Amino acid sequence: MDKRDWLIKACNARAWERLIWRLSIFTVSIFPEGQEPEEYDINYKDGKAYSFIEGEWVMLKGVTNDEPIFVPEEVFVLNPEEYPRHKETIKTTAGRYVYNWIVVHYAFGEKFLYDNTGLDPNDFSRRLYGMCLEFEDDALPDGKEEFDIVRPSEVGRFVKGVMETAPMCMGIVPTGSLRSLETHPDLYKVRDALLEKHKDELDDPAVVVRIQKVLDDLDTEWLEQDQSIDFFRSKKSRMRRRKLLIMHGIEAAFREDGKYDLIPTSLIEGGDLTKLVAKFNSVREGSYDRGAETAKGGEQVRIIQMIFQNHKIVPGDCKTKAYHRAYLNEQNVNRYVGMSEVVEGGVQPLTLERLKSRIGKYVDIRRPILCQMPHIDTCAYCSSQAKSEQPRAVAADVASGASNVMGGAMSSMHGSDPKVNEYIPEIHIS
Ligand SMILES: [Zn+2]
């Protein structure tokens with residue numbers, strides 16, 4: 001039987017409900033001797049893949065010897081009715097097909113159509129929020145049918161389905177391809193030529209970042225068509241791949257003058273003895289100092305929570321005449337949402353629309369630091385109406401400042417990437 005037809009038959013027969021089946025489609029699995037096979041179980045004999053169909057082991061066609069039946073990125077054509085309510089002929093991948101069954105179909109049955117986009121988790125959760133009833137036995141809202149809504153138990157099944165994909169990761173290693181162990185054959189030549197061409201400008205991080213961009217593009221071109229490309233598309237993995245294979249790049253020790261050391265070779269090419277000092281600096285800060293700073297950030301969060309634990313946002317208005325005059329631009333427009341603007345004869349809540357309509361102008365804003373409430377409390381008008389509903393939330397809110405310190409230390413620990421942004425004084429100085 002052709003392996004594509006087999007996959008579709010097996011999935012429609014709900015073979016994916018069994019963990020052993022899910023684990024074996026993306027790996028080479030040997031069926032244990034002396035056990036009774038079930039429908040669509042998989043076995044390998046002499047390098048060839050077999051599946052147990054209607055009482056006998058049938059060889060699957062299209063499988064390379066000693067290779068898994070599918071890699072998740074493998075493209076095939078999906079015809080109408082080969083997935084519930086699916087009505088067109090499309091190209092999809094084995095991974096997506098199985099994912100739709102195990103997660104989407106398992107959770108919601110036929111409520112959702114086949115998803116061929118790879119499901120952006122944020123989009124999908126927004127969609128679910130819009131459809132989900134509050135309680136399991138809530139009546140259908142007016143004008144809605146069972147198909148238009150999602151019940152809490154279905155969301156529970158969805159989470160379970162997503163978790164069921166985790167064990168499959170053992171067999172799915174996108175970076176486990178031979179091609180991803182190497183880079184474009186011309187890459188080092190191009191790199192060395194660029195470094196030579198710009199040798200007088202290498203103290204400018206913008207130049208280094210531009211060189212890295214050219215090399216990244218060349219490497220991406222090399223990986224195009226490879227199963228590892230989706231993994232290396234993420235910014236973090238790209239940065240790590242660059243340090244490993246392309247060039248180590250900028251190593252910025254914590255120094256006052258803002259200078260840095262450029263390490264033009266990659267880890268895989270071996271150590272450059274002339275850059276030993278910079279590397280040692282980075283290794284030392286990376287493994288101990290910066291790691292220790294993570295703890296410092298955590299400690300700061302606790303201290304700030306202790307300081308602010310008795311600080312409350314209380315209802316009412318302290319009627320202060322003091323305010324902060326802020327200039328609104330694209331960069332800071334979100335910062336003041338929910339606060340109060342001082343206007344003739346009172347205050348007005350600052351909604352995002354109101355703020356956006358005032359970009360390029362000044363607004364007078366009430367601030368907690370200027371509040372006249374007794375004790376160390378602030379009134380709802382000087383902080384925010386929404387926050388006054390959770391009077392104690394202020395400690396958690398203030399602590400997020402220290403969480404940023406912790407995040408910064410952690411990124412130094414795990415490797416970071418220089419970025420170049422255009423400097424706009426009107427926006428960046430406020
Ligand atoms: Zn106040």
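Guide: Domain bounds come from an automatic or database domain assignment. Here the chain is divided into domain 1 (3–170), domain 2 (176–271) and domain 3 (313–391). The centres of domain 1 and domain 3, taken over C-alpha atoms, are 51 Å apart. This is a predicted model, in which local features need pLDDT of at least 70 and side-chain atom pairs count only at pLDDT 80 or more, while totals for chains, interfaces and linings use all residues. Residues are numbered from 1 along each chain as its sequence is written.

Visitor: Why is one side of strand E1 and of strand E3 left without a neighbour in the sheet?

Guide: Strands (E, at least two residues) and helices (H or I, at least four) are DSSP runs, numbered from the N terminus; two strands pair if DSSP finds at least two bridges between them. The open sheet has the order E1-E2-E3, with antiparallel pairing. Strand E1 (42–45) and strand E3 (56–59) stand at the edges with a single partner strand each, so one side of each has no neighbour in the sheet. Strand E2 (residues 48–53) is joined to E3 by four bridges, and Ile 53 has Glu 56 as its bridge partner in E3.

Visitor: Which residues touch the most other members of the largest nonpolar core?

Guide: A nonpolar core is a set of buried Ala, Val, Leu, Ile, Met, Phe, Trp, Tyr and Cys residues joined through C-beta atoms within 7 Å; buried means that 20 or more other C-beta atoms, placed from the backbone, lie within 10 Å of a residue's own. Of the 29 residues in this core, they are Cys 11, Trp 16 and Val 98. Helix H3 (94–108) gives the largest share, nine residues.

Definitions and conventions
Buried ≥ 20, exposed ≤ 12 C-beta atoms within 10 Å, placed from the backbone.
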